[in-house]
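Thanks for coming, everyone. Please have a look at the sequence and the model on the screen, and then I'll walk you through it.

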Amino acid sequence: MSQIGVPYHRRMSKPGRGFDCSGLVLFAYAQAGIGLPRSSRDQIRAATQIDRAQLEPGDLVYYPGHISLY
């Protein structure tokens, strides 16, 4: 939540300055003490797939080239 309003910047992961989608996911998970790879593709590969009906806040949602937090 501390990064609300920080702009989107391609290939960036700098708190207070800008994030791309995977950079924001990386930052958010790091704040929770969870390590993830940098790229969205590698992040989703590191995750366990679940059914949409089981999604909870903080779960990763992926479509080719993009990742976000549910």
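Let's start with a facing pair: Leu-60 stands opposite Leu-69, which sits in β4. A word on the source before I go on. This is a predicted model, where local features need pLDDT of at least 70 and side-chain atom pairs count only at pLDDT 80 or more, while totals for chains, interfaces and linings use all residues. Residues are numbered from 1 along each chain as its sequence is written, and side-chain values use heavy atoms, with hydrogens and water left out.

Now the hairpin. Strand β3 covers residues 60-63 and strand β4 covers residues 66-69. They pair in the antiparallel sense, over four bridges. Strands here are DSSP runs of E, at least two residues; helices are runs of H or I, at least four; both are numbered from the N terminus. Two strands pair if DSSP finds at least two bridges between them. Two residues lie between the strands of this hairpin, and Gly-65 takes a positive phi near 85°.

Stay in β3 for a moment, where we find Val-61. Val-61 touches Leu-55, His-66, Ile-67, Ser-68 and Tyr-70, not counting residues up to four places away in sequence. Contact means heavy atoms within 4.5 Å. Val-61 and Ile-44 are 17 residues apart in sequence, yet 8.1 Å apart in space, C-alpha to C-alpha.

Next, the core. Which residues make up the largest nonpolar core? There are five: Cys-21, Val-25, Tyr-29, Leu-60 and Ile-67. Three of them come from α1, the largest share of this core. By a nonpolar core I mean a set of buried Ala, Val, Leu, Ile, Met, Phe, Trp, Tyr and Cys residues joined through side-chain atoms within 4.5 Å. As a general point, nonpolar side chains tend to be buried together in soluble globular proteins.

Look at α1 itself. Its buried residues are Cys-21, Ser-22, Gly-23, Val-25, Phe-27 and Tyr-29. What covers them includes β1, β2, α2, β3 and β4. Take Tyr-29: leaving aside neighbours within four places in sequence, Tyr-29 is in contact with Ile-34, Leu-36, Gly-58, Asp-59, Leu-60 and Leu-69. After α1 comes Gly-33, with a positive phi near 80°.

On to the rings. The count comes to one aromatic pair. Phe-19 and Phe-27 form that pair, which is tilted: 5.4 Å centre to centre, with 50° between the planes. The rule takes rings of Phe, Tyr and Trp (its six-membered ring) with centres within 6.5 Å; planes under 30 degrees apart are stacked, over 60 edge-to-face, and the rest tilted. Phe-19 counts as buried at 4% relative accessibility. Phe-27 is buried too, at 17%.

Then α2. Gln-43 is in this helix. Beyond four places in sequence, Gln-43 touches Ser-22, Val-25, Leu-26, Leu-36, Pro-37, Arg-38, Leu-60 and Ile-67.

Now charges. How many salt bridges does a search of the whole structure find? Two. The rule asks for a side-chain nitrogen of Lys or Arg within 4 Å of a carboxyl oxygen of Asp or Glu. In one, Arg-38 pairs with Asp-20, the closest N and O atoms being 3.2 Å apart. Arg-38 lies in the loop between α1 and α2, and Asp-20 in the loop between β2 and α1, so the pair ties together parts that are 18 residues apart in sequence. Arg-38 is partly exposed at 32%, whereas Asp-20 is buried at 10%.

Asp-42 and Arg-45 also meet in a salt bridge, at 3.9 Å, N to O. Both lie in helix α2, three residues apart, about one turn of the helix. Asp-42 is partly exposed at 35%, and Arg-45 is exposed at 62%.

One last residue. Arg-11 has a positive phi of about 60° although it is not a glycine. Most residues other than glycine have a negative phi. Arg-11 lies in the segment before β1, and is exposed, with a relative accessible area of 69%.

Notes: Buried means under 20% relative accessible area, exposed over 50%, partly exposed in between (1.4 Å probe, protein chains only).
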